[in-house]
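This report is meant for a reader who meets this structure for the first time. Please keep the sequence and the 3D view at hand while reading the paragraphs that follow.

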Amino acid sequence: MISIIYGGNQTGVCFDLYQSILASIDNDDIHVFNLQQAHLPLILQNGYHTELTNQHKNMLTILNQSDTLLFIYPLYWFNVPPILKSFIDHAFWPEHSFSFKHKLYFKKGMWKNKKAIILYTQGGPEILHRFKRRMGYHVLKYPLNLSGIYKITTLHIDNLNRSSNTEKNIATKIKQVTMKTIKNL
């Protein structure tokens with residue numbers, strides 16, 4: 001199964017990329033987490049001692065059954081949107097994706113046979129993101145690695161705020177990233 005985790009707005013370039021990916025996937029075995037529609041709490045009231053709700057248990061079951069996790073999100077100030085950070089807190093749950101108690105983390109993580117694809121959009125150039133040590137990628141990379149996922153593909157669309165960008169130019173970039181993503185599935 002492929003789980004698509006979308007952490008952006010319901011309009012704009014990132015949403016267009018998300019829609020393009022959905023339209024191009026030739027696989028009936030997908031599950032979509034559109035985080036703006038998921039109604040996850042932004043914080044864990046009691047940290048990792050928070051009681052699991054039925055929604056949370058269902059999310060963990062789906063993620064455990066997935067072979068591929070596909071994350072699509074915009075960068076805000078070189079970082080992931082708060083709604084995606086909340087998803088990370090809920091998805092990478094002790095004793096479900098990793099276990100310190102049973103020494104199942106990093107290379108021995110509970111999700112070691114999964115792969116991840118990370119797609120992000122940003123208004124500025126990628127070089128600025130790299131100067132900030134790619135925070136918008138590393139915030140997600142660490143929990144992926146902790147859970148055993150090391151096969152990670154990262155693609156991005158940058159410079160969206162440049163005046164030279166046209167709708168046609170952006171549509172071409174979306175198509176290119178979509179095709180690369182589908183090849184990696």
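In this predicted model, a polar contact of 2.9 Å joins the side chains of Glu126 and Tyr120, and a polar contact of 2.6 Å joins the side chains of Glu126 and Gln122. Glu126 belongs to helix α5, which covers residues 126-131, and with a relative accessibility of 5% Glu126 counts as buried, because the limit for that class is under 20%. When residues up to four places away in sequence are not counted, Glu126 touches Tyr120, Arg134, His156 and Asp158.

The nonpolar interior can be taken next. In soluble globular proteins, nonpolar side chains tend to be buried together. The largest nonpolar core of this model has 28 residues, and of these Phe71, Tyr73, Leu84, Phe87, Ile118 and Leu144 touch the most other members. At least two residues of this core are supplied by each of α2 (35-38), α3, β3 (68-74), α4, β4 (115-121) and α6 (135-146), and the largest share, 4 residues, comes from α4. Leu84, with its neighbours within four places in sequence left aside, is in contact with Ile5, Leu35, Phe71 and Tyr73. Another core, which lies apart from the largest one, has 19 residues, including Phe15, Leu160, Ile170 and Ile174.

How do two of the helices pack against each other, and at what angle? Helix α3 (residues 54-65) and helix α4 (residues 82-91) meet at an angle of about 80 degrees, and their axes are 10 Å apart. Angles of 65 to 115 degrees count as roughly perpendicular, and α3 and α4 are therefore placed in that class. On the side of α3 the contact is made by His56, Met59, Leu60 and Leu63, and on the side of α4 by Phe87, His90 and Ala91. Sorted by class, this contact of α3 with α4 has 5 nonpolar residues, 2 polar residues and no charged residues.

Val177 lies in helix α7, residues 167-184, and is in contact with Leu17, Leu119, Leu155, His156 and Ile157. The C-alpha atoms of Val177 and Lys132 are separated by 23 Å, with the two residues 45 apart along the chain. Lys151, in strand β5 (residues 151-157), is in contact with Lys115 and Ala116. The C-alpha atoms of Lys151 and Asn113, 38 residues apart along the chain, are separated by 8.9 Å.

The loop between β3 and α4 holds Trp77, and Phe78 has its place in that loop between β3 and α4 as well. Trp77 has a positive phi of about 50 degrees although it is not a glycine, while the phi of Phe78, likewise a residue other than glycine, is positive and near 65 degrees.

The table sets out the relative accessible area for some of the residues discussed.

| Residue | Relative accessible area | Class |
|---|---|---|
| Val177 | 8% | buried |
| Lys151 | 57% | exposed |
| Trp77 | 79% | exposed |
| Phe78 | 25% | partly exposed |

Definitions and conventions:
Residues numbered from 1 in each chain as written. Predicted model: local features only at pLDDT ≥ 70, side-chain atom pairs only at ≥ 80, totals over all residues. Heavy atoms only, no water. Axes fitted to C-alpha atoms, helices over the stretch in contact; angles between N-to-C directions. Parallel < 35°, antiparallel > 145°, perpendicular 65-115°, else oblique. Contact = heavy atoms within 4.5 Å. Nonpolar A, V, L, I, M, F, W, Y, C, P; charged D, E, K, R; others polar. Buried < 20%, exposed > 50% of the residue type's maximum accessible area, 1.4 Å probe, protein only. Polar contact = N/O pair within 3.5 Å; in protein donor to acceptor, adjacent residues only side chain to side chain. Core = buried A, V, L, I, M, F, W, Y, C linked by side-chain atoms within 4.5 Å.
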